[in-house]
Amino acid sequence: MATSDVAVQSAGSRSDQKKVVNDFSIQVATVNGSGSQSANNVLLRSIFRMGIPVSGKNLFPSNIAGLPTWYTIRASKHGYVARKKEIDFLIAMNPETAKEDVTSLSPGAAVVYDEPLNLQSLRSDLTFYPVPYDKIVATVCPDAKLRKLVKNMIYVGVVAQLLNIDMARVEKEVEKQFAKKERAKQLNLAAIHAGYDYAKASLTKADPFSVEESNQTTGKIIIDGNAAAALGAMFAGVTVVTWYPITPSSSVVEQLIEYLKRYRVTPDGKATFAVVQAEDELAAIGMVLGAGWAGARSMTATSGPGISLMAEFIGLGYYAELPGVIFDIQRVGPSTGLPTRTSQGDILFCATLSHGDTKHVLLLPSSVSECFSMAIEAFDLAEKLQTPVFVLSDLDLGMNNWMSDPFAYPDKPIDRGKVLSKQDLERLGGFARYKDVDGDAIPYRTLPGTDHPAAAYFTRGTGHNEKAQYSERGDDYQNNMERLDRKFETARTLVPKPEIVANGTSKIGVIAYGTTDFAMKESRDQLTNEFDLKTDYLRLRAYPFTREVHEFVAQHERIYVVEQNRDGQMLSLLKLDLAADQVTKLRSVRHYNGLPIDARSVTDDIVSQEGK
Amino acid sequence: MATTPTSTPAPPPSPKTNRIGLQVLDYRGGKTTLCAGCGHNAISERIIDAFYDMGIQPERVMKLSGIGCSSKSPAYFMSRSHSFNSVHGRMPSVATGATLANRSMMGLSVSGDGDSVSIGAGQFVHLMRRNLPLIYIIEDNGVYGLTKGQFSATADVGSTLKTGVINDLPPIDICALAIELGATFVGRSFSGDKRQLHNMIKAAISHKGTVMLDVISPCVTFNDHEGSTKSYKYMKDHEEAIHEVGFVPHFENIDVDYDPGTTTDVRMHDGSHLRLRKLNTDWNPKNRIAAMTALHESNERGEVLTGVLYINTEKPNFVDLLNMTEEPLATLPEKTVRPPKEVLDKVMASLM
Ligand SMILES: Cc1ncc(C[n+]2csc(CCOP(=O)(O)OP(=O)(O)O)c2C)c(N)n1
Ligand code: SF4
Ligand SMILES: [Mg+2]
């Protein structure tokens with residue numbers, strides 16, 4: 001029973017609604033730079049530790065402090081981890097956006113808010129929980145300067161009480177996060193308890209949402225995609241890493257540096273790697289290609305604007321056949337665009353980056369575990385195919401925390417491709433750098449330093465013949481370009497195959513890739529359960545498209561290509577690949593407002609195109 | 001014992017070889033396609049002689065260049081070295097990557113004034129700043145030769161194109177820039193000054209840091225006329241050698257006399273000695289500030305100072321700073337570059 005003088009206004013109809021357990025979203029609306037990150041992390045991880053599938057998304061501005069930020073946590077017993085459009089539980093900490101945040105909620109949602117904001121007067125169909133943060137924080141935090149930070153932990157306590165989050169788990173998370181800062185730990189614990197006690201004494205639970213202990217996260221890890229990619233790169237044996245900071249890719253290299261410093265130093269303290277913060281992305285990719293040419297496993301990580309700068313070099317990489325791995329953590333373009341929002345907007349550009357006829361291998365991770373495994377595959381492919389390889393992640397995958405099974409240790413040895421040694425040259429007497437010896441259009445190369453008079457060759461972006469000699473002859477040019485085209489056909493057989501879920505009877509096929517997959521899992525359930533629309537599903541994992549993609553299209557009457565860009569970029573690539581009679585089957589579902597795609601938007605779009 | 005006179009034919013004179021048994025021929029490249037008389041060709045010859053004289057195994061050298069007539073020249077020397085003719089203005093980054101991949105190789109890069117100072121100024125300054133161990137030769141003709149003679153950023157104010165167009169922008173002094181930024185061996189020479197350039201390249205081979213050599217290299221086709229300040233004639237009239245550049249390689253007897261009063265002796269990393277014999281001016285090649293001041297003053301006088309302008313054999317280079325293992329990164333074995341399964345297990349456990 002509420003015993004305080006604080007009025008708890010509730011939507012009467014809601015309290016007798018049936019309980020909603022382990023299936024809701026929480027949104028924390030706050031201000032950039034206010035230090036809410038630790039609080040949100042504690043909330044997310046406590047729910048995770050209770051065995052409930054969760055995902056967390058940080059929606060932040062391109063600014064250091066003072067602009068609105070939203071953090072959403074989704075708990076889903078179904079294991080859905082895509083963004084959920086509707087917010088069930090709002091924690092309104094930002095006076096600037098509070099009104100709009102509350103107005104946009106669906107009826108029945110709950111709002112925890114700072115008492116002086118008086119939000120309860122805005123709507124009568126929500127449950128409101130006022131919290132006098134300033135009063136509470138004054139009791140636990142004597143140091144006025146720290147109050148702004150500590151305040152955040154108060155809502156953790158309030159929410160834990162209201163949603164029934166296990167406090168023992170919360171405490172453990174705080175201890176883990178502040179392991180080396182005893183004073184901060186105590187302060188934060190006190191704030192959480194104060195929030196909890198306040199809620200217990202003064203608020204009456206009137207919304208249907210709560211959590212219950214489950215066992216769905218046993219043995220799982222939580223990691224962001226950029227850390228996963230960094231780990232993959234380390235286990236791929238990367239040796240030269242170059243970068244120029246850009247959101248949302250910076251944390252790939254920042255985290256990679258930490259891993260390398262810890263796990264890739266020789267017993268005598270020497271680095272088995274080189275990391276260079278380059279002067280720009282032109283230099284970053286130049287270093288990657290120079291290093292790849294000289295035999296290192298090299299990589300860079302960037303985002304759209306960096307990719308634009310790299311265009312000329314990528315053409316050189318393609319034409320001179322130089323290995324290198326480029327992680328593109330996509331954000332919203334064109335130009336500077338929405339630098340802290342997500343998209344799949346670089347697909348088409350990367351596929352054919354640079355002037356002239358060029359085609360590039362793209363890997364499309366759609367989970368943190370694929371960020372890890374595809375990082376490893378990317379290095380093998382780059383060296384096997386002797387060409388730049390792109391790994392196209394995005395902000396949503398790269399910068400947010402995701403649950404996953406622990407990553408599997410690579411089961412294949414590193415494949416460094418066709419490199420001739422001194423002994424090979426002694427046996428062969430010489431070699432022609434750009435000759436197709438094996439029929440797979442992949443030539444042999446030598447590395448600088450190979451101790452044989454016939455080892456050297458001249459690498460250039462100008463026209464060249466099989467022997468790597470300068471040539472402006474039309475037939476030399478054409479032969480070489482045709483071989484490169486055949487090499488791309490070889491790539492088709494080497495890249496990861498798509499993942500297909502088919503029941504054999506559906507007329508409708510859906511094709512998606514990357515982070516769109518999260519929404520697709522949920523949307524396909526919605527289509528089946530709510531609209532009786534059975535769909536088959538193909539998740540692309542790479543470009544060029546493998547045989548299975550063509551077969552999948554051929555087997556269905558209608559194909560929906562779902563993606564997060566305005567122009568249907570993957571659809572365009574499919575059109576280039578498919579026969580004319582297949583192209584007409586393609587339909588497009590696109591989402592491009594900067595937020596991660598959600599299942600409901602996909603479902604609604606497909607349903608409407610199906611004329612339902 | 002009966003002696004039968006035998007007449008064996010005189011053996012053919014054995015071809016001249018260097019200290020590792022190679023002939024000059026082993027340092028040659030393809031036939032040049034540059035214009036006859038182009039300064040760049042003379043520089044290629046000096047490179048061949050210097051590497052031959054120093055007995056450098058060609059397989060231990062990587063040649064790097066950008067785009068331009070100058071950047072083509074690596075095709076015309078040392079065919080037994082791997083070579084990378086990259087994109088316009090971006091050779092420094094390629095050279096950086098290659099050097100990091102294999103620190104045991106000697107990097108020899110050739111660029112033009114357009115390639116390094118116009119389009120490539122950004123990468124040029126950062127390479128200098130890093131003091132990457134590399135020889136960086138700019139074949140400086142004040143114009144873009146390959147695109148038929150437009151001004152580059154090293155063209156002097158008031159100099160004219162063949163068409164009569166006057167340059168009204170100040171030149172970038174590459175040497176002053178390189179010294180300012182941290183290159184540790186900065187010299188200027190002239191493609192026509194055989195002896196000086198030859199010795200400077202030999203000293204460059206002995207240095208372990210960025211060697212930036214600005215070599216005035218007249219473009220006979222587009223910038224060798226009256227009104228050009230990068231012509232053969234202009235250089236003949238205005239070159240001002242600051243000292244006589246001598247060089248004693250590490251494998252030769254060092255007891256060649258020199259007078260410390262008139263000659264500065266610099267001991268190089270590999271034990272060779274650079275001997276700079278005073279001419280008209282007092283020049284301390286270890287004094288950056290003085291070097292820059294002198295460069296600015298000479299520019300105002302319209303003189304072209306040549307010689308070793310600055311040298312520092314102590315400053316750590318970029319590879320030293322990265323604390324890399326001695327073995328080239330390129331060829332580290334899998335067991336060194338792929339941590340064991342226990343490491344992955346440990347990381348995974350920390351994320352649970
Ligand atoms: C991105 C790009 N822009 C323009 C060109 C055209 N281009 C080729 S060489 C060159 C200038 C070369 O001048 P320099 O480096 O001084 O060499 P030189 O020919 O004088 O030896 C230009 C502008 C190019 N190759 N690439
Ligand atoms: S155009 Fe000028 S720079 Fe180019 S090869 Fe001819 S003389 Fe040399
Ligand atoms: Mg030039």
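# Briefing: metal site, ligand shell, pocket and chain B

Cys38(B) is buried, at a relative accessible area of 10% (buried means under 20% relative accessible area, exposed over 50%, and partly exposed in between, with a 1.4 Å probe and protein chains only). The model is predicted: local features need pLDDT of at least 70, side-chain atom pairs count only at pLDDT 80 or more, and totals for chains, interfaces and linings use all residues. Residues are numbered from 1 along each chain as its sequence is written, chains are lettered from A and ligands numbered from 1 in the order in which they are written, and side-chain values use heavy atoms, with hydrogens and water left out.

**Cysteines and the shell of ligand 2**

- Cys38(B) is among the residues around ligand 2, together with Leu34(B), Cys35(B), His40(B), Cys69(B), Asn141(B), Cys219(B), Val220(B), Thr221(B) and Phe222(B) (a residue is near a molecule if one of its heavy atoms lies within 4 Å of it).
- This shell divides into seven nonpolar residues, three polar ones and no charged ones (Ala, Val, Leu, Ile, Met, Phe, Trp, Tyr, Cys and Pro count as nonpolar, Asp, Glu, Lys and Arg as charged, and the others, Gly among them, as polar).
- In chain A, Cys141(A) is buried as well, with a relative accessible area of 0%.
- Zero disulfides are found over all chains in a search of the whole structure (a disulfide is a pair of cysteine sulfur atoms within 2.5 Å).

**Magnesium site**

- Asp113(B) (OD), Asn141(B) (OD1) and Val143(B) (O) coordinate the magnesium ion (ligand 3) at 2.1 Å (donors are N, O and S atoms within 2.8 Å of the metal, or 3.2 Å for Na, K and Ca; water is not among the atoms, so sites may look incomplete).
- Along the chain, the donors of this magnesium ion follow the spacing D-x27-N-x1-V.
- Asn141(B) and Val143(B) are both buried, and Asn141(B) also belongs to the residues around ligand 2.

**Second largest pocket**

- The second largest pocket holds about 960 Å³ of space (on a 1 Å grid over the protein atoms alone, a cavity is a set of points where a 1.4 Å probe fits but cannot get out, and a pocket is an open set with protein on both sides within 12 Å along at least five of seven lines; lining residues have an atom within 4 Å of a point).
- Its lining has 47 residues, of which Phe458(A), Arg460(A), Thr462(A), Ala468(A) and Tyr470(A) are the closest to the centre.
- Two or more lining residues come from each of helix H11 (304–320), strand S18 (458–460) and helix H16 (474–494) of chain A, and from each of helix H2 (69–72) and strand S2 (82–85) of chain B (helices, H or I with at least four residues, and strands, E with at least two, are DSSP runs numbered from the N terminus).
- H11(A) gives the most to this lining, with five residues.
- The lining comprises 19 nonpolar, 20 polar and eight charged residues.

**Chain B**

- Chain B has 12 helices and 13 strands.
- The C-alpha trace of chain B spans about 95 × 70 × 45 Å along its principal axes.
- Of its 352 residues, 56% count as buried.
- Helix H3 (residues 91–101) of chain B is largely enclosed by the rest of the structure, because 11 of its 11 residues are buried.

- Glu254(A) lies in helix H9 (residues 250–263) of chain A and counts as partly exposed, at 41% relative accessibility.
- Between Glu254(A) and Asp125(A), the separation is 129 residues in sequence and 46 Å in space, C-alpha to C-alpha.
- Ala454(A), in the loop between helix H15 (422–428) and S18 of chain A, counts as partly exposed at 26% relative accessibility.
- The C-alpha atoms of Ala454(A) and Leu425(A) are separated by 7.2 Å, with the two residues 29 apart along the chain.

Technical notes: Grid points are joined across faces, edges and corners, and a volume is the space filled by probe spheres set on the points.
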